[in-house]
Amino acid sequence: MAFFVASILLILIGLYAVLVKRNIMKIVIGLSLMDTGVNVLIISLGFIRGRTAPIVNVKDLLVNTSSKVVDPLPQALVLTAIVIGVAVTAVALSIVMLMYSKKNTLEIDEYKELKW
Amino acid sequence: MDKKNYFLDEKPEKLTYGGVFRKIDDWARARSLWVVAYGTGCGSIELRPTFTSRFDAERLGMRMVGTPRQADVLIISGYLTVKTLKRVIRVYEQMQSPKYVVALGACPINGGMYYDSYNAINQLDLYLPVDVWITGCMPRPEAILAGFKRLQELIDSGRADGWKKYIENLDWYRENQRKIIKNWKMPNYNW
Amino acid sequence: MVNPIVIIGITLASAFFIGILQAYAKVWARVIFILTLVFDLLASGIVFYGFLSGELARPISVKIGGFPPPIGINLLVGKAEAAMAVLIFSVAFLGAIHWFVKGLPQPEGKAMVLFLLLSLGATGITFTGDFFNLFVFIEITSIAAYGLVASSRTKGALEAAFKYMVVGSISSTFILLGVVFLYKATGSLNMMDIAGKLLGGISSAVLALITLLILSGLLVELEVFPINGWALDVYQGADPVVVALLAGAAVKAFYLVFLKTAGFLPLSSFFSLALIFGGSTYLAGQFFAWRQRDVRRLFGYSSVAQLGLLILAAGFFLNSALASQSRLMIGAAIVLLIFNHSFAKTSLFLLADNVKGSNVEDWAGTLRGNPLFAFSFTSSVFSIAGIPPMAGFWAKVLLIFAIPRQYSWAVALILIGALAEVVYYFHLYRVASQGEGKEAGGNLFSPFVSSLLLVVSVPMVWGIFSRKLSIPLNGQVLLLLGISLGIYLLGFSRPLQWLGSLATLGYGIYVLLPHFKPDLSGFFLALVLFGGGALLIATYPGSKKLPSTFYPAYLVVVFSMAGVVLSSTWLSLFVFWEVMTWSSFLLINMGEGKKAAWLYAIFSAAGAYAMLGGIYLLPSLRIGVGKVPGLLPAVLISLAFLVKMATAPLHIWARDAYGESAHQFTPLLSGIMSKMGVFGTALVVVYILGVSSNPVFRYFLGWLGVLTAFFMTLLAVFQDDLKKLLAYSSVAQVGYILLGVALGTPLGWSASLYHTVNHFFFKALLFVAAAGIIYRVGTSYLPQMGGLIRRMPLTFFATLLAIISLAGIPPLSGFAGKWLLYSALIEKGWIFITVVAFLASTLAFLYCFKILHSVFLGQLQEENFNVKEVPLTVALVEVLLLLPLIILGAFPRLLLDPIDKVLSSLPGLSPAPIHYGRVMGAVTKLGHWNALFLMVFFAGSFLIALVFFAITSARIRKVGQLDVGYSGEVPRSAEDLHFGYGLYEHFRKAVGWLIYPLVTKVWKGIYEGINALAEMGRRIYTGDVNTYAAYVIALSIIILYIFSGVK
Amino acid sequence: MWSKIFYAFLTLLGGIAYGLLLGGISRKITARMQNRRGPTVWQNFIDLWKLFRKKTAVSHGVMFYLAPMFRLVGGAGTFLLVPIVIDSPYLSNFSFGGDLIVIMYFMVLGCLGMALGAAESGHPHAPIGVTRGLSQMAGYELPFVISVVVLMIADKTATVEGIVRAQQGGILHWHLFTHPFAAAAAFISLLGMMTSYPFQVVLAPQEIAVGPPTEYSSTFLSYMFSGRSVFAMAKYLLFMDLFLGGAGSLLEAFAKTFLVFLWPLFITNVFPRFRLEQSVRFFWTWPTFIGLVDLLRISLMR
């Protein structure tokens, strides 16, 4: 339960940053936070109390595996999601860099030329 | 194509006078004198009473018309200047034959009180054929009516033929006119 | 057969290699890039062909990593997926070519890698059969897209990329959450598997919630209103090639996923979701674009709207409550829409890349002298706006006719949106096609190819869909239309084109000969073909100044009119009607009008879409007697015809369209095309309204007609432009015709049909003469003409006869129409209308005199001294047209007898109750009129008087033009003496208040009101990232709350 | 048939003569009202002869040349289309040629021809006069049409004979009395048609010479003159047929047309002149409203 609450809290903090903060960097951080929050959420979804990690290198895990380990799939998913999150953050930061080099500011109000 | 067709540059033909209906024609012409409503000088003030209720020239069959095309009579109502003479000539030549000229007052006869003005025409019949002269300065409407009566008689008897003479002697008239009007600026023949 | 995984694998691999190679061998990097795209295109093409040819019956399922599908990831490629891949790679290929020609963005290796990744991602989205895999591909696509958008490194591009990234990240968060929850709920990530489990009955409420989570992520990518601000910014800011790939291909892949996922929702909630979001996106896009001055953003709005339409269509497509036949039709419509939009938008965005400057005004003149550009632009715009013959037209028709009757509001919505689309697209079109010719960039290969694809697909699409909709399009007419287009090939020589057109028309008459029957179609067919042919002769002078599309378009107008009158169903009438409308639009646009063609397009489109709506409401598509419930279909259908007749208050297009269209075309427009409105109204009155029923509506039509006649006549009186004056006059005369048709009595119809033909004779004559005069004089401004009788005696004579006919003065043919009409009116007892009609025809004398005086009489102006008589062909046509005026004047029965036959062929009508006697002439219950006597009497006594005059007259001298009594003065110039300006100024003082431009102001007010609303509406796109993100969150919450059914 | 044509010709001459005579009478009466003696009543004949026999004339072109013929033939045609004495084989003239609608449109032919000829003269006064005339025509046509429609609807016929027949049986059957409002409207519009004061701005001799025929002279003018007088006769006859019960004999026709003739004459001598926009406004208001009374009555009674 704590995972759920924590992850949703993380998502909400991230969302808060995205929705309210006027600084581009803070928005990117917000996105990152959301990403992490979602990852935690996914992991917690796959978690089953009393079971162990799905690393099948211990002998007694080889029999009747599926009742002893937590759901391995979310973990695999999160692995991919983390990679994607890193990629997104990298692209985002490079875009932010370029933006800063154009206007020398990170205020979002300066980036409202395209509208209507 | 050029501008030639702005004006018809052609000398008017001589007109014959006669025919089976000559008597009726003359009678009708005498009783239907349409006067071009064109005041050349101060005398035209006398034409208003002449044509309105007091003296009623309409009982002689006369009336004013606004265009020379339909008029029979041109009244030179007073002194003529070089400027007006030009207009008078054009108006007269635009009238359709038979047409008559009545000169009103002293000025057309000999210049009247302006005889020595640099700009006055002293003797009208050098420039236009005058059928009736009405003297006075100015002649009163009664005199004008008498003059018209005289014109009617002349027409009736076929003697008012200034319009014929004008065409016959056009060159002579032109010569006189051109002496006075230095800058002609008119077509050679007005229609 | 190619394994679909190969496409993905090869693309991924070469993307990787390009990244490495570009540092060492730039050329090789490029070669690999292009080769990869070509390979992808070919491979997907082969797969698609496999499905088409039937070689592949079932979808290909490719397992990856050795696990069988439910557990392992798999690709699932069916027909739709293969087609989508072909689409994606064709657009990508075209974009790549464009990039190469114009220069790749730097660093080019990265751009190429991202480009490949983007197309790969989109393909993956399409192919994948697994939800998590879907998420991965979405992320690949998105990241590549962020990078590509930013790659041009302009301020706008960076800003757009950032916004895209923020919103995109939120959306993918939603998708990811949805996917994970889906897994939690069903224990599976395989699409087929989940679908199967669904059938097995998993608690649907939770599933719906989860699906909605995914859907709200997808809806962000699908750019629905109001969360599409980022997309518009991207369209505006990014490199057009990237935009083309995004709008043309990537979004379509998302749409496919949307269709696949939607099945997990309960039917009703998906249906309402699709309708609400589709509809609002569609309308918002179409209307917000009105205020848009940046062309790329304008295209963006249009793309958004098209997506909205697709979503709307998806709602119906997946609604299993609908008949399978309709769902098939909608499926076809969706395919057509996607195809159409992808290539048209690709073409448009790439064209935008060729124009310097981003504003609409910067496009001015780009179509002039750039045939390739013009071709690409025209065909793309026509495609998107759904104008025949392009595929978009059939998409619209299919979609509309498949929607069941209880959702007719959706039809109305689609039609209104389509109209709004016409407004802004043709504003752009008109700006682009007019003004000084302007050099546009030469990078036209890709746009040209993509629009060529659109055009090439036309015959196929027509073949398939006219059969599918069972629209019997007249084959002969189609053939003739084809030949007409072929005339374009003679474009190198105008005389040849002219002769070719004449030959084609002759051939057309020969081919359509069997249709000249004494019925309504035959009657109008004769008018169309012979009239069109006669007027074609006169088009020759000055045609060198016209674009080479003039003659093809002219012929298309003529033959499509033939198609209209020969139609046996309303839908085929509509098809030809649209062809006629838009080809005539092109012709009008060839004139120098500023707004004329645009207004014409708007009004015509409004009419046409109203007609489509009306046809949709009809119980049977056949043109024939049948009970039609309610007045609405009749009103809607007749709107189109009233527009074409320019009946008030739908007339405001007419003045400029007539006045400023190509002079060679105006006679056809006025003489024949406006009569198509008459034809249509006649059909409506006979077959839908019923000749003797609906008296109130017909009375209303009658008033419309007579008020049109009155006000247009009044406007003509004060008009100082020859062609515009004639335009008003034409509209007014057609008002009389409408009045006769509205009467619904044999006498009234007889009057109308007679006037229809007669109006063609004299108005075509007047317009032809006007064309000749304008050709010679060089102006159509009346006060600058005058005295031309001295130079153009024949034209004067022809015009005089035409004017006498127009004014309806007895010995000529025009009077018959007047006499019949008044007899009919008095017989019917429409008293007040009679009075107004009489008054209007008296007012007509005013402008009749104005035409004759201002053009021919008065003083010949100096600048017109060297004017010659009109060219020979024009003179020939004048003579051709004036003969019937005289002949019909003496023998009106030559026309009235065929009309009687036509009338007796129509249900509810009978031959006009006219008895013909030798002495009294035509006798009705009311009065009589002997045409022949009047003609003979007039001509005879005129001759006698003339001879008598010639004998008795004084010696007459023809004098010069300045020899006038001018108070003794000598006029200095003709200009001083000519009274041409403000002829009826005194009359204006008396009745000027009647021509207060109320209608124009009302229309303008409506236009501006919509503009203001659009302006207010589009302010929601603040350009602020926070706001956009907030919209997404808010909308998702709303979606989850409303549509999940969870309380 | 030839005899019919011959009689028509005679009637035409008679009409011209009577028209000229009426013109003379009107000049005489006007003079008397102005406390003058005035010309003889035959003055118009003298004028006509003089003009006819003038020696020279100018022409400005073909249309200018033909216009007087248009005017004469148009006037004569209208005159002959209106039956003078109905049921008389000869004095109904060519009324078989057309009904009231035909007459109303045939009327325009002469005017149109004259307008064109005048306009070709190139004199600015001509188009000024013509446009004034046409505008005024648009003015008076409205009340006139209203009353004509009233009559046509009331009598269920559009022929002049039919309308005359409907008025037989005593003076109270005249439309003047059965449809007084329509008649009033029509008679007011007659003032406009005859361009008598206060609607005389069309000719306005004081400002634009005589308007349209400014450039016409001599024989041309004589044709116009006679055309005009026969045209006036046609209008008198038409009004007689429409409102005064037609004529049973030639004498009656003389008397009744004289009555119609007196109406504009009385008005013209005691009124000043309207400007054009005033007269158009006048026609489109007062006589129109008056006519509408009968039009409403007819439409309600039907």
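The model is predicted: local features need pLDDT of at least 70 and side-chain atom pairs count only at pLDDT 80 or more, while totals for chains, interfaces and linings use all residues. Residues are numbered from 1 along each chain as its sequence is written, and chains are lettered from A and ligands numbered from 1 in the order in which they are written.

**Strand β3 of chain B**

- Strands (E, at least two residues) and helices (H or I, at least four) are DSSP runs, numbered from the N terminus.
- Both faces of β3(B) are covered. V73(B), I75(B) and S77(B) are buried on one side, and L74(B) and I76(B) on the other.
- β3(B) pairs with strand β4 (residues 100–104) of chain B in the parallel sense, over five bridges. Two strands pair if DSSP finds at least two bridges between them.
- In β4(B), A103(B) stands opposite I76(B).

**Which chains touch**

- Two residues are in contact if their C-beta atoms, placed from the backbone, lie within 7 Å.
- Among the four pairs of chains that touch, chains C and D have the most contacts.
- Chain A and chain B do not touch, and their nearest C-alpha atoms are 63 Å apart.
- No contact joins chain A and chain D either; their closest C-alpha atoms lie 53 Å apart.

**Chain D against chain C**

- Here 67 residues of chain D are in contact with 65 residues of chain C.
- α5(D) gives the largest share of chain D's side, 16 residues.
- That side has 39 nonpolar, 18 polar and ten charged residues. Ala, Val, Leu, Ile, Met, Phe, Trp, Tyr, Cys and Pro count as nonpolar, Asp, Glu, Lys and Arg as charged, and the others, Gly among them, as polar.
- Strand β6 (residues 955–958) of chain C pairs with β1(D) in the parallel sense over four bridges. T56(D) in β1(D) is the bridge partner of R955(C).

**Chain A against chain C**

- In this pair, 32 residues of chain A are in contact with 38 residues of chain C.
- α1 (2–20), α2 (24–46) and α3 (72–103) of chain A each give two or more residues to the side that touches chain C.
- The largest share, 14 residues, comes from α3(A).
- The side of chain A that touches chain C divides into 27 nonpolar, one polar and four charged residues.

**Inside chain C**

- A122(C) is found in helix α4 (residues 108–127) of chain C. A122(C) is buried, with 32 other C-beta atoms within 10 Å.
- Leaving aside neighbours within four places in sequence, A122(C) is in contact with I88(C), T141(C), A249(C), A250(C) and A253(C).
- The C-alpha atoms of A122(C) and V411(C) are separated by 32 Å, and these residues are 289 residues apart along the chain.

Note on methods
Buried ≥ 20, exposed ≤ 12 C-beta atoms within 10 Å, placed from the backbone.
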